[in-house]
Amino acid sequence: MTWALYLDESGSVEPHSLPLENGQTPVFTIAGVALPLDRWREYDRDFLYLKREFFSKEIDASSKSDTRWEIKGSDLIAPRNNKSTRNRAFLIRVFELIKK
């Protein structure tokens, strides 16, 4: 079986100071997901559907197509957004999509 692997990084490898200065990140991480290549298009279509379902206003307001528009993980889980039921529901649906 052939797999498609998506990796993404977050944070910074640069040293940080304490207390943290505005925008500094004391953590660097790499995460990924491997999906069966023969089901790639199915995952791609389902994820695009989720983006449209949850973020259509943001996509429409941007200059990017829905396939190019990106939701940042930091926007989904940042402390300033921790009460967002929309973000939480989107993440749950994405994890359900990956598990299938």
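Phe-54 is buried, with a relative accessible area of 14%. Buried here means under 20% relative accessible area, exposed means over 50%, and partly exposed is in between, using a 1.4 Å probe and protein chains only. This is a predicted model, where local features need pLDDT of at least 70, side-chain atom pairs count only at pLDDT 80 or more, and totals for chains, interfaces and linings use all residues. Residues are numbered from 1 along each chain as its sequence is written, and side-chain values use heavy atoms, with hydrogens and water left out.

Now for the rings. A pair of aromatic rings is described by the distance of the centres and the angle of the planes. Rings of Phe, Tyr and Trp (its six-membered ring) pair if their centres lie within 6.5 Å; planes under 30 degrees apart are stacked, over 60 edge-to-face, and the rest tilted. The whole structure holds 5 aromatic pairs, and here are two of them:

| Pair | Centre to centre | Angle between planes | Kind |
|---|---|---|---|
| Phe-47 and Phe-90 | 6.1 Å | 55° | tilted |
| Phe-54 and Phe-55 | 6.5 Å | 45° | tilted |

Phe-47 sits in helix H1 and Phe-90 in helix H3, so their pair ties together parts 43 residues apart in sequence. Helices (H or I, at least four residues) and strands (E, at least two) are DSSP runs, numbered from the N terminus. Phe-47 is partly exposed at 31% relative accessibility, while Phe-90 is buried at 2%. Phe-55 is buried too, with a relative accessible area of 2%. Ring pairs link Phe-47, Phe-54, Phe-55, Trp-69 and Phe-90 into a cluster.

Next, the core. A nonpolar core is a set of buried Ala, Val, Leu, Ile, Met, Phe, Trp, Tyr and Cys residues joined through side-chain atoms within 4.5 Å. The largest one has 12 residues, including Phe-54, Phe-55, Trp-69 and Phe-90. H1 and H3 each supply at least two of its residues, and H1 gives the largest share, 5 residues. Tyr-43 is another member of this core. Neighbours within four places in sequence aside, Tyr-43 is in contact (heavy atoms within 4.5 Å) with Leu-35, Pro-36, Leu-97, Ile-98 and Lys-100.

Finally, the pocket. On a 1 Å grid over the protein atoms alone, a pocket is an open set of points where a 1.4 Å probe fits, with protein on both sides within 12 Å along at least five of seven lines; lining residues have an atom within 4 Å of a point. The largest pocket is lined by 37 residues, with Tyr-6, Asp-8, Phe-47, Ile-71 and Gly-73 nearest its centre.
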